[in-house]
Amino acid sequence: MQRRKFLGLLSIGSAAAALGGAGAWRLSANNRVSAVIEDMPTSATEMSAAVQRMSGVAPDKLKYLQSFQAVDEETQLTRYLEKMNNFEYSHGEDVLLSETQRPLLVESFKRIDRVQSLVGHGNFNVLGFDDMLRYSRRNESVGAFTSQELEFLESLFFDDVERYGFYGEKVIDSLTAVVSSRDRIKVSRTGHFLFKGQSEEIYKKIRQDVGDSIVLTSGIRSIVKQTHLFLAKTIQSNGNLSLASRSLAPPGHSFHGIGDFDVGKVGFGAKNFTVDFSGTEEFRQLVDLGYLTIRYPEENLLGVRYEPWHIKVV
Ligand SMILES: [Zn+2]
């Protein structure tokens with residue numbers, strides 16, 4: 001893959017994009033962590049605590065991983081399935097961020113989080129990378145990304161994710177890809193967007209067939225949005241990239257970028273992103289009506305946990 005050198009482009013003004021306009025902006029406290037985290041049952045308090053821990057001293061890798069060594073005698077497949085069934089735990093072969101990357105992870109997450117507070121959660125779902133940089137340069141409440149932060153984000157996007165155990169397809173190759181406003185609709189009262197066409201139609205049919213108790217919980221996610229989620233997950237995983245990628249696709253690998261979406265039960269909150277969702281009446285109806293072709297089924301070999309709330313469109 002051609003490695004895109006966006007650093008050289010930073011001095012050139014990026015094309016203006018109509019993302020809510022100045023009226024939609026709100027200022028935020030400098031260190032607030034908002035943590036609107038789809039696909040993760042996480043509160044802002046838990047996220048803040050994880051940021052704190054991540055800002056401390058890195059664990060000794062050997063000791064940290066030794067406590068999770070799998071039994072040697074088991075076959076690769078058994079070990080893999082065991083790992084995926086225990087996706088929220090660390091395992092011996094997990095890949096961790098380096099000592100120098102740890103502070104960059106925290107700082108770039110906080111900066112992106114401030115961009116989210118600035119543009120609002122809805123607009124942030126579809127914010128492109130160039131626009132994020134523009135907002136950061138122009139707003140003191142965010143502050144421009146440092147060259148080290150940008151190199152870190154770039155290296156994360158172009159990383160060979162198989163090295164940390166994620167085997168899903170890369171669906172967006174360009175860090176600076178944007179979803180045109182012509183190609184998307186905003187779904188009222190959800191703060192989320194869907195692609196026009198198939199995604200929009202399937203969602204409408206689901207609401208018709210299942211009723212008002214089912215709602216869109218995450219639609220289109222730009223590279224920026226997915227990066228924010230992935231950094232949050234990596235912080236919660238104390239710098240363990242493998243652990244993070246078992247429950248959240250790395251940037252560029254999420255099908256939310258090209259049409260898939262998540263649904264949940266109204267009032268079910270963060271539980272919508274846990275296996276508990278598969279115990280709801282709404283889930284049963286989705287299955288009965290044939291909507292659930294699951295992107296990441298149980299015992300999949302893509303390196304991702306079971307996600308019963310994720311609607312495969314593409
Ligand atoms: Zn999803």
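Colleague: Which residue in β2 does Val-187 stand opposite?

Modeller: In this predicted model, Val-187 stands opposite His-192 in β2. Likewise, Ile-185 faces Leu-194 of that strand.

Colleague: How many bridges join strand β1 to strand β2?

Modeller: Strands count as paired if at least two bridges are found between them. Here β1 (residues 184-187) and β2 (residues 192-195) run antiparallel and are joined by four bridges. The hairpin they form has four residues between the strands, and Arg-189 takes a positive phi near 65 degrees there.

Colleague: Are the faces of β2 covered or exposed?

Modeller: A residue is called buried if 20 or more other C-beta atoms lie within 10 Å of its own. In β2, His-192 and Leu-194 are buried on one side, and Phe-193 and Phe-195 are buried on the other, so both faces are covered.

Colleague: Which residues have the most contacts inside the largest nonpolar core?

Modeller: They are Leu-105, Ile-235 and Val-263, in a core of 65 residues. Helix α4 (residues 101-119) gives the most to this core, with eight residues. Leaving aside neighbours within four places in sequence, Ile-235 is in contact with several residues, including Ala-50, Met-54, Leu-105 and Phe-109.

Notes
Residues numbered from 1 in each chain as written. Predicted model: local features only at pLDDT ≥ 70, side-chain atom pairs only at ≥ 80, totals over all residues. Helix = DSSP H or I, 4+ residues; strand = E, 2+ residues; numbered from the N terminus. Core = buried A, V, L, I, M, F, W, Y, C linked by C-beta atoms within 7 Å. Buried ≥ 20, exposed ≤ 12 C-beta atoms within 10 Å, placed from the backbone. Contact = placed C-beta atoms within 7 Å.
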